[in-house]
Amino acid sequence: MKMMELFHNYMGTGLILIWYLAALVYLFLKETRRDRRILFVYAPAITLVLFFNPLFFAVFKKAMDAEIYYRLIWLLPVTVTLAYCIVILCGSFTGKRRVAFGVLAAVLVVISGTLVYSSPIFRRAENPEHVPAEVVKICDAIVLPGREVKAVFPVEMVHFVRQYSAWICMPYGREVLTGGFSELEYALRYRQVDVKRVAELAKAQECHYVILSEEKELVGSMEEYDYELMGKVGKYLIYRDPTMNFDLTVK
């Protein structure tokens with residue numbers, strides 16, 4: 001089921017969630033203050049019941065995009081609950097036992113996850129915008145004042161384009177970084193790029209621009225499919241589709 005798949009992806013290594021569920025059970029049994037039971041026990045329990053409810057999922061899917069359903073799990077106060085539970089348990093010990101428990105808890109939390117900055121979506125900041133310089137230059141080159149444009153970006157840039165400009169749309173989003181599938185992104189994924197396929201898919205999705213890396217081996221030429229080379233930023237080539245509407249205002 002979709003809910004189980006989303007929850008499995010959310011779990012990561014799974015260990016943090018195990019500690020969280022253990023903390024949830026402990027607070028259910030031990031916490032007596034009503035306001036804290038509501039925050040740490042009842043609200044998360046209701047969230048989980050709704051999340052795994054097929055009827056609720058069906059209603060949510062009709063009313064909103066099913067792809068954002070996973071964000072309901074963000075309502076779980078995992079970090080706060082773990083921290084609160086550890087502090088409560090730490091307070092029940094004295095002397096060296098308290099220190100030992102605190103160190104053990106910290107170690108368990110550290111080894112239960114992975115370093116967030118090891119993800120490919122993070123890079124050392126190169127400018128005040130905290131996005132790669134190539135992304136800034138390309139976005140500034142293709143943006144049109146007062147209207148949106150649509151551009152095909154290499155997957156390594158997708159996350160940063162979303163941060164930098166709301167005026168530049170893409171035919172696929174960050175879901176391709178987390179296991180999602182896009183036929184257009186798939187056509188750009190490998191060393192050899194079938195230009196004809198990329199051009200057809202980009203035109204079908206009404207993209208104004210296609211950005212390609214020079215490191216890719218292009219099978220064919222973008223110019224054969226009505227694209228023109230607009231410029232180059234670093235190793236990235238910016239192709240423009242002159243058949244698209246580039247008016248400064250969209251009617």
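Colleague: Is S112 buried or exposed, and what is its relative accessible area?

Modeller: First, the ground rules: this is a predicted model, where local features need pLDDT of at least 70, side-chain atom pairs count only at pLDDT 80 or more, and totals for chains, interfaces and linings use all residues. Residues are numbered from 1 along each chain as its sequence is written, and side-chain values use heavy atoms, with hydrogens and water left out. S112 sits in the loop between α6 and α7; helices (H or I, at least four residues) and strands (E, at least two) are DSSP runs, numbered from the N terminus. Buried means under 20% relative accessible area, exposed over 50%, and partly exposed in between, with a 1.4 Å probe and protein chains only, so S112 is buried, at 1%.

Colleague: Which backbone oxygen lies 2.4 Å from a polar atom of the S112 side chain?

Modeller: A polar contact is a pair of N or O atoms within 3.5 Å; within protein, one must be able to donate a hydrogen and the other to accept it, and residues adjacent in sequence count only if both atoms are side-chain atoms. The S112 side chain has a polar atom 2.4 Å from the backbone oxygen of L108.

Colleague: Which residues form the nonpolar patch on the surface?

Modeller: Patches take residues with over 30% relative accessible area and no salt bridge; like charges are joined within 9 Å, nonpolar side chains (Val, Leu, Ile, Met, Phe, Trp, Tyr) within 5 Å. One member, I111, lies in helix α6, residues 95–111, and I111 is exposed at 55%. Together the patch has about 470 Å² of accessible area, by the Shrake-Rupley method with a 1.4 Å probe, where only the protein chains shown count as cover for residues. The members are V99, V103, V107, V110 and I111.

Colleague: Which side chain of opposite charge is nearest to R147?

Modeller: R147 lies in the loop between α7 (133–142) and β1 (149–152). R147 is buried yet has no salt bridge, that is, a side-chain nitrogen of Lys or Arg within 4 Å of a carboxyl oxygen of Asp or Glu. Its side chain does reach the backbone oxygen of N245 at 3.1 Å. Lys and Arg count as positive and Asp and Glu as negative, with His and the chain ends not counted; the nearest opposite charge, 6.2 Å away, is D247.

Colleague: Which strands stand at the edges of the open sheet?

Modeller: The sheet has 5 strands with mixed pairing, in the order β2-β1-β4-β7-β6. Each edge strand has a single partner, so one side of each is left without a neighbour in the sheet. The edges are β2 (168–169) and β6 (228–233).

Colleague: Over how many bridges do β4 and β7 pair?

Modeller: Two strands pair if DSSP finds at least two bridges between them. L212 stands opposite L237 in β7. Strand β4 (residues 209–213) and strand β7 (residues 236–240) pair in the antiparallel sense, and the bridge count is 5.

Colleague: Which helix holds K203, the salt-bridge partner of D241?

Modeller: The closest N and O atoms of D241 and K203 are 3.0 Å apart. D241 lies in the segment after β7, so the pair ties together parts 38 residues apart in sequence. D241 is buried at 1%, whereas K203 is partly exposed at 28%. The helix of K203 is α10.

Colleague: Which residue forms a salt bridge with E228?

Modeller: The closest N and O atoms of this pair are 2.9 Å apart. It links E228 in strand β6 to a residue in strand β7, 12 residues apart. E228 is partly exposed, at 34%. Its partner is R240.

Colleague: What is the phi of E206?

Modeller: Most residues other than glycine have a negative phi. E206 lies in the loop between α10 (195–204) and β4, and counts as exposed at 54%. E206 is not a glycine, yet its phi is positive, about 55 degrees.
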